[in-house]
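New notebook page. I want to look up a few contacts and bonds here and jot down what turns up.

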Amino acid sequence: QVQLVESGGGLVQAGGSLRLSCAASGTIFSINVMAWYRQAPGKQRELVASITSVGTTNVADSVKGRFTISRDNAKNTVYLQMNSLKPEDTGVYLCNADVVHARWFPARNYWGQGTQITVSS
């Protein structure tokens with residue numbers, strides 16, 4: 001099994017910055033895609049950004065130019081640097097990862113428990 005533990009959430013004023021971290025632990029051979037999703041009250045969960053094991057990134061248009069995703073493969077950790085935060089960025093941010101437990105086995109998908117981001121105007 002694998003656990004994803006997020007940290008770095010909190011309350012920030014509009015225009016401020018936060019950095020989220022998500023560390024994966026457990027039986028890990030490799031991790032393919034790691035991603036951040038967010039869910040605002042009354043809205044569907046949406047992809048914020050994703051990054052492959054070789055560093056190819058995909059960032060939602062709504063946060064492009066403000067958020068940066070990165071990862072440290074040696075630490076099985078993914079980061080989300082969030083700058084110029086807006087009230088509409090408020091929500092629960094969840095980490096997601098496709099984890100391979102052993103060579104030749106298919107990846108399994110895991111979610112973190114989520115961390116709350118609140119941006120005040």
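Predicted model: local features only at pLDDT ≥ 70, side-chain atom pairs only at ≥ 80, totals over all residues.

**Entry 1: around Tyr37.** I started with Tyr37 and skipped its neighbours within four places in sequence; what is left in contact with Tyr37 is Arg45, Glu46, Leu47, Val48, Val92, Tyr93, Leu94, Asn96 and Trp111. I looked up where Tyr37 sits, and that is strand β4, residues 30-39. Is Tyr37 buried, exposed or partly exposed? Its relative accessible area is 22%, so I wrote down partly exposed, since buried would need under 20%. I also checked Tyr37 against Gly91: they are 54 residues apart in sequence, and their C-alpha atoms are 9.7 Å apart in space.

**Entry 2: the disulfide.** How many disulfides does the structure hold? I found one. A reminder from class: this is a covalent bond between the sulfur atoms of two cysteines. Here the partners are Cys22 and Cys95, with 2.1 Å between their sulfur atoms. The pair links distant parts of the chain, 73 residues apart: Cys22 is in strand β3 (residues 18-26) and Cys95 is in strand β9 (residues 91-100). Then I looked at the torsion about the S-S bond of Cys22 and Cys95, which is about -85°, so I noted the disulfide as left-handed. Cys22 has a relative accessible area of 0%, so it is buried. Cys95 also counts as buried, because its relative accessibility is 0%.

**Entry 3: salt bridges.** Side chains of opposite charge can pair when their charged atoms come close. I counted four salt bridges in the structure. One of them joins Arg38 and Asp89, with the closest N and O atoms 2.9 Å apart. Arg38 is in strand β4 and Asp89 is in the loop between β8 (77-82) and β9, so this pair ties together parts 51 residues apart in sequence. Both Arg38 and Asp89 are buried.

Next I looked at Lys64 and Asp61, whose side chains meet in a salt bridge at 3.1 Å, N to O. Are Lys64 and Asp61 buried or exposed? Both are exposed.

**Entry 4: back to Asp89.** Asp89 turned up again, in a salt bridge with Arg66, where the closest N and O atoms are 2.8 Å apart. Arg66 lies in the loop between β6 (57-59) and β7 (67-72), and Asp89 in the loop between β8 and β9, so the pair ties together parts 23 residues apart in sequence. Arg66 is buried at 10% relative accessible area, and Asp89 is buried at 1%.

Conventions:
Residues numbered from 1 in each chain as written. Heavy atoms only, no water. Disulfide = S-S within 2.5 Å. Helix = DSSP H or I, 4+ residues; strand = E, 2+ residues; numbered from the N terminus. Buried < 20%, exposed > 50% of the residue type's maximum accessible area, 1.4 Å probe, protein only. Contact = heavy atoms within 4.5 Å.
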